[in-house]
Amino acid sequence: METVLPQQRGAARQEAESGPQMRRDVNWWQVVFIAAGSPALVMFSLGGISAVTGTISPLVWFVSVMIGFVAIFTYAEIAGMHPNKSGGTAVYGATAWVRYSKIIAPMSIWSNWLAWSPILAIGSGLGSGYLLSIFLPADHALNTWQLTLIDLGFLKNDLSIRINTQFIVGTVLMVIVWSIQHAGISRTARVQIILTLGGIIPLMFVTIIPLIVGKVEMNNFTPFVPLNGEWNLDGWGLMLGGMFLAAWSAYAAENAVCYMSEMKDPRREGAKAIIWSGVLCVVLYSLVPFVFQGVLGTEYMLSPGIVTGEGVGVALASMIGGGTIIEKIVVVMLTFTLFLAIMTAMAGSSRTLYQGGHDGWMPKFLDNLNENGVPTRAMWTDLAFNALLLLMSDYLFVLAVSAVNYVLFHYLNLNAGWIHRIDNARATRPYRAPFLLFVGGIALAYVNAFLIGAGANLWGNSILFIGLVAAFISTPLFWYRHHVVDKGKFPEHMLADLIPEGEDDVGPTKAGNLPYLALAGGVVAMMAGYVTFWLV
């Protein structure tokens, strides 16, 4: 069945003015607060990466966050071109790919959602683990009780689907987040400001105090080599595997442009929101791992609670001293930090689902807003999906599969930047990324593809395969929506933001075969990483 692309600006504008609309209720600085959960993601994999990479873990985090920081300038550019869309850079990148591939464009959106949405389950699970660890003894019945439903040991050792107290408490946390966001973006922003004060500030506190009082021991960084003891092929494999997983957290500033259709002045302020979110990420992703390693050392990182992430809150609290009472207070405050990340994830991922449904990429039932301009059906979908993920016994496994999709999305989206410059050179572009940063972003797209091949399987023998299979789930979902539900036609508004002023359509494509060569280059880079570190 032939695909029909939208062309007419008039029809798109008429469609956009009908039905419930997202409300333009927030400024760029409020969006920074909404996206402030992004730096909190460092707590999700801080212990796991330290346990695998050893003394070089701060370097892993610093390199990763700088890769993410370079990328946001390209994302700021393409976000400014789409002032009437929500859902983030995956949506804005899909409009570049759609005229070249009906597989790649929806995959960009799907992979981005599949990477962001599990933050709800992982953050809720870790948050409940934090609370249970400080208020109940480790051998308490509520901490040890578990009902195993399915054994998934064939995928990874000790992996299962189970029900325990952590699942119950985590589900309650997710429902609370849903309830807060149901009332609209303005209320979400107000709550995020409070959570930022109660979450990010304590994270800064436990980072800065050890620096001031001299608790950071430089001996904990020697010898400065990977955990295997030398910079050989295996050592570089550990470094790249750490960077692969760190990317899932450290690239997260891009979430700030999920709210373009809810900003009062998106063309002027979208770039401010993402760049300042990026600055906040650079500061925290550089400092927190450095202090964590410098105070606690590699031996402490190998303890089970650190590797799984559930003991990271207590470990961070212990770095400032003050006794048991102070430690418990700090852990509770750090639980707010995780809650902040959950809020950010639900706000962003639900808008990705909504815009995907609105633009014809995802199931049509997701194209729905409540009376407050909030995508409640998308939020329900997030909640149900993450309740299932919360049943998983190994959150690091879920995170690694998500990371495959997240790094894949960044590879596609950084390439979308130059496709937009070629095909949509005359579209309104209120912000233009500096040349060197833009070119750097293109180069880093292939670094990301290489990281997928080189690093994914460090976290489990089947992670690369499962992650790629998960990415291609987008293909049948899109096929059904597009060819069965929409009869091969995209909604008229889908490309409306890219139509130059005074014209009626987006014009012809101009990039020729370059997008296909870019895809081939990505496959080669990924295979090169896999062959070098897993087959040689």
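**Exercise 1. In which helix is Ala-71 found?**

Welcome! The model you are looking at is predicted, so local features need pLDDT of at least 70, side-chain atom pairs count only at pLDDT 80 or more, and totals for chains, interfaces and linings use all residues. Residues are numbered from 1 along each chain as its sequence is written, and side-chain values use heavy atoms, with hydrogens and water left out.

Solution. 
- Step 1: Helices are DSSP runs of H or I with at least four residues, strands are runs of E with at least two, and both are numbered from the N terminus.
- Step 2: Ala-71 is found in helix H5.
- Step 3: With a relative accessibility of 3%, Ala-71 counts as buried. Buried means under 20% relative accessible area, exposed over 50%, and partly exposed in between (1.4 Å probe, protein chains only).

**Exercise 2. Describe the chain as a whole.**

Solution. 
- Step 1: Start with the elements: the chain has 22 helices and two strands.
- Step 2: Take the extent next. The C-alpha trace spans about 65 × 50 × 45 Å along its principal axes.
- Step 3: Check the radius of gyration, which is taken over C-alpha atoms; the globule rule is 2.2 Å times the number of residues to the power 0.38. A compact globule of 536 residues would have a value near 24 Å, and the chain agrees with its 22 Å.
- Step 4: Turn to burial: 61% of the 536 residues count as buried.
- Step 5: Finish with contacts (heavy atoms within 4.5 Å). Among those between residues at least 6 apart in sequence, 84% join residues at least 24 apart.

**Exercise 3. Find two stacked aromatic pairs and place their rings.**

Solution. 
- Step 1: Rings of Phe, Tyr and Trp (its six-membered ring) pair if their centres lie within 6.5 Å; planes under 30 degrees apart count as stacked, over 60 as edge-to-face and the rest as tilted.
- Step 2: A search of the whole structure finds 15 aromatic pairs. One of them is the stacked pair of Trp-61 and Tyr-285, at 5.6 Å centre to centre with 15° between the planes.
- Step 3: Trp-61 lies in helix H5 (residues 57-80) and Tyr-285 in helix H13 (residues 266-301), so this pair ties together parts 224 residues apart in sequence. Trp-61 is buried at 0% relative accessibility, and Tyr-285 is buried with a relative accessible area of 0%.
- Step 4: Phe-221 and Phe-290 are also stacked, with 5.0 Å centre to centre and 10° between the planes. Phe-221 lies in the loop between helix H11 (185-213) and helix H12 (233-250), while Phe-290 lies in helix H13, so the pair ties together parts 69 residues apart in sequence.
- Step 5: Compare their cover: Phe-221 is buried at 7%, whereas Phe-290 is partly exposed at 26%.
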